[in-house]
Amino acid sequence: MSGPKIHILDPETVNRIAAGEVVERPASVAKELVENAIDAGARRVLVDVTTDAKEITRIRVTDDGEGMTPEEAVLAFAPHATSKIRDIADIHAIRTLGFRGEALASIAAVSRVTLITRPKGAGALAGTRVVVCGGEVVEQREVGSPEGTTVVVEELFHNTPARRKFLKSRNTELAHLYGAVEALALAHGEIAFRVVHNGRERFSTQRSADLLGAIAALYGTDLARQLIPIEGRLPFLRIAGFVSRPAESRSGPAQVAISINGRSVASRQIVSAVREGYGTLLPKDRYPVAFISLDIDTNLVDVNVHPTKREVRLSREREVLAAVAAAVEDALAARDLSRKAPPEPAQQQIAERVPEADRIASPEPPYAARHRDLAASDRRLRRTETAPAAAGPNLLPPMEPIGQVAATYIVAKGADGDLFLVDQHAAHERILYEQIVERRDSAVRSQELLMPVIVSLRPAESRIVREAIPLLADDGFVVEEFGRDTYAVRAVPVILGQLEDPQAVRDTIDGLLAEEFRTASDRKEWVTCTIACRGAVRAGVVLTQEQMRRMIEQLAKTKTPWTCPHGRPTVVQFPKEKIERMFGRG
Ligand code: ADP
Ligand code: MG
């Protein structure tokens, strides 16, 4: 005999399911704990992470906030236990980051949590220690404790092996964790944050620093110094923040940080609005660095749409987006960026804190730019010229360039009346790619730079780069740790000759950070493709007849001339018969 097939899940199962939504990875734990510290009115927050060789073993968050009484300390772990709202109406006026009362219950369902807390100014002589493991309270007693709260999370996902399996490498998880704390630190300049890993400080911010101060602390004064302040206002909205000059761009949106009422959020719409503000100043595939802080009437923000509250819904979204785009546009226009670049408020503000002023190159007139393009293409092509003896057989039909369309495709005629279109960038990418792969194992593959290029990174990026140093070395980048989160690029692949542009290293790093690689060889492949792409003659650049001829010659000598390393075509062939058919002659 059997009972009804529908039954109510037991609370433990419910909590583990909820944990699946809230606690995706170690970074989510850090985020929830830091948010609780912020909600508790903390002035200082310490995040202390411990790792062994393989993974994050412990996350400890300490705050000097309001603390909890013994009763509250136990209640805090109950599902749907919150001090922040009483009913649904309160959500519309929410000013705290938490309100669902799920985080502690969820975290404790999938780990071992130790909470030590003492309420502030309540005259309590001792604090409370509560240990919860897999959702069960296993210990509760009085202990000595400073005012405020410490939460220690260990053995994360010990009872959810499936979730554990999805964790990425230790350093990737650390990078996510730093990213989560960074985002909160940016949105809360009124709090001093310190992040420590295995006893070493990774980054810290000062209390009551303004946004620019927090940016400088997290990302370095070099970046902060060149930012442009933006502002905007509607009756229900206040926009503040900073955006980069168009030249300081990134290959992805990772460095567009958005906060709404102190909550760090992801919003593709707001990212698009920021880019819209740049108009044509930003190439199609590039993203600015931007720190956008929005204060919106809480009635217009629905924060209850996502379990981790990473996304919010806005009423009057169109007006908000238009205002953001306008604020960015106005700020850039006021700097007259397309013509000249006078000193700016952001620079002055930061210059007061950091000596030495920014140097800004003034844009060149178009004819100079054109000459520079031609010279650059020539250098790029010369680098891939191989000695005739070493050259392999020609794998393309013979063809003779006639001209170029859209400054991107080479038009060539074949011996038998065929017509060819060659994508100049894709073709050169293929040439470079094969040469890089070929030379990987040979002795001379990198060239020492006269002056090493120094790259300052965010702590999150720094971990990834440290991990990638041997892979970069395989491809000829000699990178050394130079100081904390600072690296010296001492040599570059010989194929690139000279690193004209430190952006190449930056982009490679950005990409390493943005992509999630399954295997080391995937990552290596990606680095090779990126280097080939960076070093290749660009689309949209006018080539001389001679340059076109050299390009085709080099392409014909490659092993796989018809596609680029990404698998897209390099050459498209229109056989004579097809052309004849098109004109009704066939
Ligand atoms: P929420 O933040 O959504 O209310 P949580 O599960 O994160 O839910 O926390 C439950 C409750 O525990 C909070 O509402 C708060 O009252 C209390 N709490 C949690 N962390 C702290 C802290 N660091 N300091 C003081 N109180 C805390
Ligand atoms: Mg919370």
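I began with helix H9 (residues 221-225; helices are DSSP runs of H or I, at least four residues), where Arg 225 and Asp 222 are three residues apart, so about one helical turn separates them. Their side chains form a salt bridge, 3.7 Å from N to O; the term means a side-chain nitrogen of Lys or Arg within 4 Å of a carboxyl oxygen of Asp or Glu. Arg 225 is buried at 9% relative accessibility, while Asp 222 is exposed at 54%. Buried means under 20% relative accessible area, exposed over 50% and partly exposed in between, with a 1.4 Å probe and protein chains only.

I noted that this is a predicted model, in which local features need pLDDT of at least 70, side-chain atom pairs count only at pLDDT 80 or more, and totals for chains, interfaces and linings use all residues. Residues are numbered from 1 along each chain, chains are lettered from A and ligands numbered from 1 as written, and side-chain values use heavy atoms, without hydrogens and water.

Next I looked up the other salt bridges; the whole structure has 24. Glu 139 pairs with Arg 129 at 2.8 Å. Glu 139 sits in strand E5 and Arg 129 in strand E4, so the bridge ties parts that are ten residues apart in sequence. A strand is a DSSP run of E, at least two residues. Glu 139 is partly exposed at 25%, as is Arg 129 at 21%.

Last, I turned to ligand 1. A polar side-chain atom of Lys 84 lies 2.7 Å from an oxygen atom of ligand 1. For Gly 101, a backbone N or O atom lies 2.7 Å from a ligand 1 oxygen.

Terms used:
Polar contact = N/O pair within 3.5 Å; in protein donor to acceptor, adjacent residues only side chain to side chain.
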